[in-house]
Amino acid sequence: MTRLLTVFFLLLHLACASQILNGSFENWTFRPNADINEQKWTLDDWQHRSPLGDTLFSFFGTYRDTAPQSGNYALGLSRWYNYTFDVAAFRNACPTKPTWLTGFFKYDEGLLSLNLTDTARVSVYLTRYNTATHKPDTIGTGQLDLAGVDTFSFFQCPITYGQPGVFPDSVTINLEPTKFGFGFGGCAGNSLCSFLTVDALSLDFGTPAPEPPGAKPFSIFPNPATDRVEISGPIAGERVRVFNALGAVVFEEKAASDRLLVDWAGFRSGLYFVTIAGKAKTLVIK
């Protein structure tokens, strides 16, 4: 039964979960109390990473570019020290097999101290949670180097799969201003300048996983939710399970009637999957 439910939570409507949240980089949070070395603006729905680890999470990092390809803002990334550069990382549920990641970029070509011409890099990883190993298995990948252009240009990163018939449950996108992990970088002689600006990312919906036969319909209200939701439908006597994006069960209860109230206070914001008797729906918690 556990194996079946693991498959069921993948079988979601493709329009709900294949989107890249804040893919146009319009949503930022202002931090008025950040000191001079920290980010005043942080990017919503994305994580800033550094090869030196989480200790540098709050320093420098992604910045809000006010010269976008569209809208009001874009994402800026830079190599700002040896072995250290900005990485913007996004992860979300994705129960389909997308074939392309597209977007717009401009890149100020840099020359490392080792006389290596640098380029930016975008990477895509489609994974599926393995219940036996409790780790995600990579089933699809895409990687593209972005050459030096100083005006916004369109890019299309193809995604390939190595396991026919196997569908992912999540997607990870990494944006990096360098393909090298060593050497001082620079553009126009300034080692702290931006190497990469990205805007208007889009992931095509791809091929959805087939829905299981005999699935019972149910509804979730409100959705998105902040504190509590009502799950209703022909669910009396059925086991209600909720999975997070990694496939771990975070809630489980047998419905005593056709109406179940669930308190979500304390749950982290993000996408969840509600499964009942073979039917799955997405739930967004804000």
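How many helices and strands make up the secondary structure of the protein chain? In this predicted model, the secondary structure of the protein chain comes to two helices and 24 strands. Of the 286 residues in the protein chain, 46% are buried, and the accessible surface amounts to about 13800 Å², with 53% of that area belonging to carbon and sulfur atoms. When contacts between residues at least 6 apart in sequence are considered, 69% join residues at least 24 apart.

The largest nonpolar core contains 31 residues, and those with the most contacts inside it are Trp-46, Leu-101, Ile-173 and Leu-175. Several strands each supply at least two residues of this core, including β8 (87–93), β10 (100–107), β13 (149–158) and β16 (196–203). Apart from this core lies another, of 18 residues, among them Ile-235, Ala-255, Val-262 and Val-274.

Asn-174 is placed in strand β15, which spans residues 170–176. This residue counts as buried because its relative accessibility is 13%, which falls under the 20% limit. With residues up to four places away in sequence again left out, the contacts of Asn-174 comprise Arg-49, Val-87, Ala-88, Ala-89, Arg-121, Val-122, Ser-123 and Tyr-125.

The count of aromatic pairs comes to seven. In one of these, the ring centres of Phe-104 and Phe-154 lie 5.5 Å apart and the planes meet at 65°, so the pair is edge-to-face, the angle being over the 60 degrees required for that class. The two residues belong to distant parts of the chain, with Phe-104 in strand β10 and Phe-154 in strand β13, 50 residues apart. Phe-104 is partly exposed, at a relative accessible area of 24%. Elsewhere, ring pairs link Phe-25, Trp-46 and Phe-90 into a cluster; Trp-46 is also listed among the residues with the most contacts inside the largest nonpolar core.

Lys-97 is positioned over two aromatic rings, since it lies over the face of Tyr-161, at 5.2 Å from the ring centre, while its charged end also sits over the ring of Phe-167, 5.3 Å from the centre of that ring.

Finally, a search of the whole structure finds zero disulfides. Both Cys-94 and Cys-157 are buried, the relative accessibility being 0% for Cys-94 and the relative accessible area likewise 0% for Cys-157.

How values were computed
Residues numbered from 1 in each chain as written. Predicted model: local features only at pLDDT ≥ 70, side-chain atom pairs only at ≥ 80, totals over all residues. Heavy atoms only, no water. Helix = DSSP H or I, 4+ residues; strand = E, 2+ residues; numbered from the N terminus. Buried < 20%, exposed > 50% of the residue type's maximum accessible area, 1.4 Å probe, protein only. Contact = heavy atoms within 4.5 Å. Areas by Shrake-Rupley, 256 points an atom, 1.4 Å probe, with all protein chains shown as cover. Disulfide = S-S within 2.5 Å. Core = buried A, V, L, I, M, F, W, Y, C linked by side-chain atoms within 4.5 Å. Phe/Tyr/Trp six-rings, centres within 6.5 Å; stacked < 30°, edge-to-face > 60°. Lys NZ or Arg CZ within 6 Å of the ring centre and 35° of its normal.
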